[in-house]
Amino acid sequence: MAIKQRIDLLFSFSFFVLLMQPCCSQTDKLLPGQLLKDGDELVSAFGNFRMGFFSPDGSENRYLGVWYYRPTDPSVLGGFNSKRNKPVWVANRNNPILDKSGSLAIDSNDGNLKILLNGGNPIVITSVKAEGNTSATLLKTGNLVLYEMNSDGSERRELWQSFDYPTDTLLPGMKLGINLQTGHEWFLQSWISDISPAQGSYTLGIDPNVSNQLIIRWRGDIIYWTKGIWLNGEFDFLGLVSDGYNFSYASNEHEKYFNYSASETITSFPELRLTADGLRGALSVHCLHEIQCVSVSVNVKRPRCRKDFSKFEYKYGFMNGDGFKFKESDNMTLSDCEVKCFQNCSCVAYASINESNDTGCEIWSSGTKFTETSFTDDHRIIFMAREPKEKKWWLWLIVAIAAAIGETMLCLMCYLARRKYKGEVEKKQMSLTIAVGTALLIPPLCYLCYLICRKLKAKSGKHCQSTKAIARTWR
């Protein structure tokens, strides 16, 4: 009886241990014939990086990506936390999967990585020519590499690596620059919004005209920021100080690039990320503990009319009238919309057309009224231009007039007193003093009148522009 109880106890314990094991063993490799299904993960050596399918906050679309493994709780053994584990690389950023049917596989015909879908064409990740079987490995650096294999299963040569195709994040070992032999460029491109990794409006790379300078471009052509010059062994904008990090710039007949490395003793999660924050800054370095983290302020040139501009603030409500809507083909992001409104003096409000992913753009000119509602009511999120506090210029006018009258009265009293008690010489001196004082007082009063007239003219012409003027300006 005792033996049977021991056997039952041992069986129960063994069954419990089996239940605690993951459904599939952790691996960093994908071999021919294997599938990485939605819910499975590749785990790099030492467990710093994981690759699998994810959905950004606020979205049900699925993407294949690589992220730092940062458990929020010691009891959490796995899983994706989109806030803390934001992906550092996305394979299908412009081709979202609408359900959880996606599986990563190696094509048996050509050896390329593809995402297989139920009832749809596969999403091609790599396009290389292989002479034999291939395998994919997630390295401890976060780099996904496709290898050509020998007949005995060993790795023959590297065919493709994700580090050559970064998204919005630069990891240690990645490059920003250009391959002078092939013309391939290494650059970062922001997400289109916080809930969509599709290609956004900002790119960060090496300036083709000044090889030792980093530049940020907005919407492909417009240079947005040009202060990343390599001087004395460092870029002047970073200001990162840590014994565990090494920033470098290389230039030769084959390639020109900037990169950085981190010591294996570093236990933080270094990443240089290009964000889509528009006027609030588009470049930031995210890390923990060992390194001094910075955010680079990226400023759009202020139009003269925005000299005293404060900022846009969001409100819940609706505008009483239609604004100017940009075309869908313009691929406008919310930050693009902000910049467009900021650069046009008649724009007083803007909003995204597709609030589900913060894309599209509608703007309103002065004269359009806004009706604020509560969060629970039918509403849109409208970004309103916060006007600077009205300067009390009329108070200064009263003070100036009072001072002028007071000075005139004082001079008059002094003149009468001198006239009563002093001789002819003093009378002449007093008259001269009054004349000089009056001459000195007239120019400031004239200038003050000029400023008042200019202020009133600007105030009256402030509401003259319309939405049609905006359309003519930006078409």
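This briefing describes the nonpolar cores, the disulfides and the salt bridges of the structure shown above. The model is a predicted one, and the values given below are computed from it. A search of the whole structure finds two disulfides, and a search for salt bridges across the whole structure finds 13.

**Nonpolar cores**

- In soluble globular proteins, nonpolar side chains tend to be buried together.
- The largest nonpolar core in this model holds 49 residues, and within that core M51, L113 and L204 are the members that touch the most others.

**Disulfides**

- A disulfide is a covalent bond between the sulfur atoms of two cysteines.
- One of the disulfides joins C337 to C361, with the two sulfur atoms 2.0 Å apart.
- This pair links distant parts of the chain, since C337 belongs to helix α2 (residues 334–343), while C361 sits in the loop between β28 (347–351) and β29 (362–365), 24 residues apart.
- The torsion about the S-S bond of C337 and C361 is about 75 degrees, and the disulfide is therefore right-handed.
- Both cysteines of this pair, C337 and C361, are buried.
- C341 and C347 form a disulfide as well, and their sulfur atoms are 2.0 Å apart.
- About the S-S bond of C341 and C347 the torsion is about -100 degrees, so this disulfide is left-handed.
- C341 counts as buried because its relative accessibility is 0%, and C347, with a relative accessible area of 1%, is buried too.

**Salt bridges with a buried and a partly exposed partner**

- Side chains of opposite charge can pair when their charged atoms come close.
- K114 forms a salt bridge with D110, and the closest N and O atoms of the two residues are 3.5 Å apart.
- K114 is buried, because its relative accessible area of 15% falls under the 20% cut-off for that class, whereas D110, at 30% relative accessibility, counts as partly exposed.
- The side chains of E255 and K175 also meet in a salt bridge, with a distance of 3.3 Å from N to O.
- This pair links distant parts of the chain, 80 residues apart, with E255 in strand β22 (residues 255–262) and K175 in the loop between β13 (169–170) and β14 (176–179).
- E255 has a relative accessible area of 17% and is therefore buried, while K175 counts as partly exposed at 22% relative accessibility.
- Another salt bridge is formed where the side chains of D336 and R219 meet, at 2.8 Å from N to O.
- D336 lies in helix α2 and R219 lies in the loop between β18 (213–218) and β19 (222–231), so this pair ties together parts that are 117 residues apart in sequence.
- With a relative accessible area of 0%, D336 is buried, whereas R219 counts as partly exposed because its relative accessibility is 33%.

**A salt-bridge network**

- Some salt bridges share partners, and in this way E131, E148, R156 and R157 are joined into one network.

**Helix α2 in view of both kinds of contact**

- Helix α2 contains C337, which is linked to a loop cysteine, C361, and helix α2 also contains D336, which is paired with R219 in a loop.

Methods:
Residues numbered from 1 in each chain as written. Predicted model: local features only at pLDDT ≥ 70, side-chain atom pairs only at ≥ 80, totals over all residues. Heavy atoms only, no water. Core = buried A, V, L, I, M, F, W, Y, C linked by side-chain atoms within 4.5 Å. Buried < 20%, exposed > 50% of the residue type's maximum accessible area, 1.4 Å probe, protein only. Disulfide = S-S within 2.5 Å. Helix = DSSP H or I, 4+ residues; strand = E, 2+ residues; numbered from the N terminus. Salt bridge = Lys/Arg side-chain N within 4 Å of Asp/Glu carboxyl O.
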